[in-house]
Amino acid sequence: TPLYSSAASDVYKRQAYSLISAEGRQAVHLQVGRWLLQNTRREEQEEHLFDIVNQLNQGRGLITEGAERDELAELNLRAGQKAKSAAAYEPAFRYLQVGLGLLGPAGDGWQRRYALALALHVQAAEAAYLCGDFEQMEGLADAVLERAETLLDKVKVYEVKIQAYIAQAKLAEAVKTGLHVLRLLGVRLPQKPGRLHIMLALLRTRLDLAGKRTEDLVNLPHM
């Protein structure tokens, strides 16, 4: 019957696959992944993204060309983001870790592909937090804080650190981190605000709004 034939075919395929050496299997996966990537239209890639990335990842040990490794790192970033948006946090973290590994040594990756290294580290830090792996989250976040070139590039991992502190009921640390980031952004808030702080803030607001009409607010610069 067709059902029996299909089942028998699957058995034969598994048996044939088991006879291939480990390196040979990598080569097969890499060949299949490359074929899928080359023959899938760009607008259809998202639909088949996991199939493509899973095949290429299993053969990544045989990829020696730097440009191809960087391309696969980008694909793993996309796969990690897609998995994370579907609440599949552990697979997302694995994709992002593979992406980081493909960039090579930490310093080299940041120097060659800064934007890609930044995105992978930030996304991996958030995925680690969502998996409850706070130790790895801290390591990834610290890498961003050490190597990111601008404050705005660091803000996202500060957000992740704050969320992680809240998840661990470390509320004082969350507040402390939030106040630190605000100071870096030019906003100073007292750690323990009192009535005087509130009165001064209200007074400053009144002074800022003095002589302004409601419609004038529309013309203020974007925050």
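This is a short walk through one predicted model, from the overall fold down to single side chains.

Start with the whole chain. The protein chain has 12 helices and 0 strands. Read along the sequence, the pattern is α-α-α-α-α-α-α-α-α-α-α-α. The chain runs to 223 residues, and 30% of them count as buried. It exposes about 14600 Å², with carbon and sulfur atoms supplying 56% of that area. Now contacts. Take those in the protein chain with a separation of 6 or more: residues 24 or more positions apart account for 55% of them.

α8 covers residues 114-130. That is 17 residues, reaching 24 Å from the first C-alpha to the last. The span expected at 1.5 Å a residue is 24 Å, and α8 comes close to it. How many residues of α8 are buried? The count is 14 of 17, so α8 is mostly covered.

On to charges. Side chains of opposite charge can pair when their charged atoms come close. A search of the whole structure turns up 13 salt bridges. I will take a few of them.

α8 supplies one partner for a bridge. K84 pairs with E126, and their closest N and O atoms are 3.1 Å apart. K84 belongs to helix α5 and E126 to α8, so this pair ties together parts that are 42 residues apart in sequence. Are these two residues buried or exposed? Both K84 and E126 are buried.

α5 has another bridge to show. E68 pairs with R34, with the closest N and O atoms 2.8 Å apart. E68 sits in α5, residues 66-85, and R34 in α2, residues 22-39, so parts 34 residues apart in sequence are tied together. R34 has a relative accessible area of 32%, so call it partly exposed.

Then there is E44 with R41. Their side chains meet in a salt bridge at 2.6 Å, N to O. E44 is partly exposed, because its relative accessibility is 28%. R41 has a relative accessible area of 52%, which means it is exposed.

D70, E74, R112 and R113 are linked in a network of salt bridges.

N57 lies in helix α4, residues 49-58. Why does N57 count as buried? Because its relative accessibility is 10%, and the cut-off for buried is under 20%. What does N57 touch? Leaving out residues up to four places away in sequence, N57 touches L72, N76, Y95 and V98. With N76 there is also a polar contact: the two side chains are joined at 2.8 Å.

Last, the outside. Which residues form a nonpolar patch on the surface? They are L152, L185, V187 and L189. Together they have about 380 Å² of accessible area. Take L152 from that group. L152 is found in helix α10, residues 151-167. Its relative accessibility is 66%, so L152 counts as exposed.

To recap, briefly. The chain has 12 helices and 0 strands. α8 is mostly covered. The K84 and E126 bridge links α5 to α8, and both of its residues are buried. N57 is buried too, at 10% relative accessibility. L152, at 66%, is exposed.

Notes: Residues are numbered from 1 along each chain as its sequence is written. This is a predicted model: local features need pLDDT of at least 70, side-chain atom pairs count only at pLDDT 80 or more; totals for chains, interfaces and linings use all residues. Side-chain values use heavy atoms; hydrogens and water are left out. Patches are made of residues with over 30% relative accessible area and no salt bridge: like charges are joined within 9 Å, nonpolar side chains (Val, Leu, Ile, Met, Phe, Trp, Tyr) within 5 Å. Accessible areas come from the Shrake-Rupley method with a 1.4 Å probe; for residues, only the protein chains shown count as cover. A salt bridge is a side-chain nitrogen of Lys or Arg within 4 Å of a carboxyl oxygen of Asp or Glu. Helices (H or I, at least four residues) and strands (E, at least two) are DSSP runs, numbered from the N terminus. Buried means under 20% relative accessible area, exposed over 50%, partly exposed in between (1.4 Å probe, protein chains only). A polar contact is a pair of N or O atoms within 3.5 Å; within protein, one must be able to donate a hydrogen and the other to accept it, and residues adjacent in sequence count only if both atoms are side-chain atoms. Contact means heavy atoms within 4.5 Å. The expected span of a helix is 1.5 Å times one less than its number of residues.
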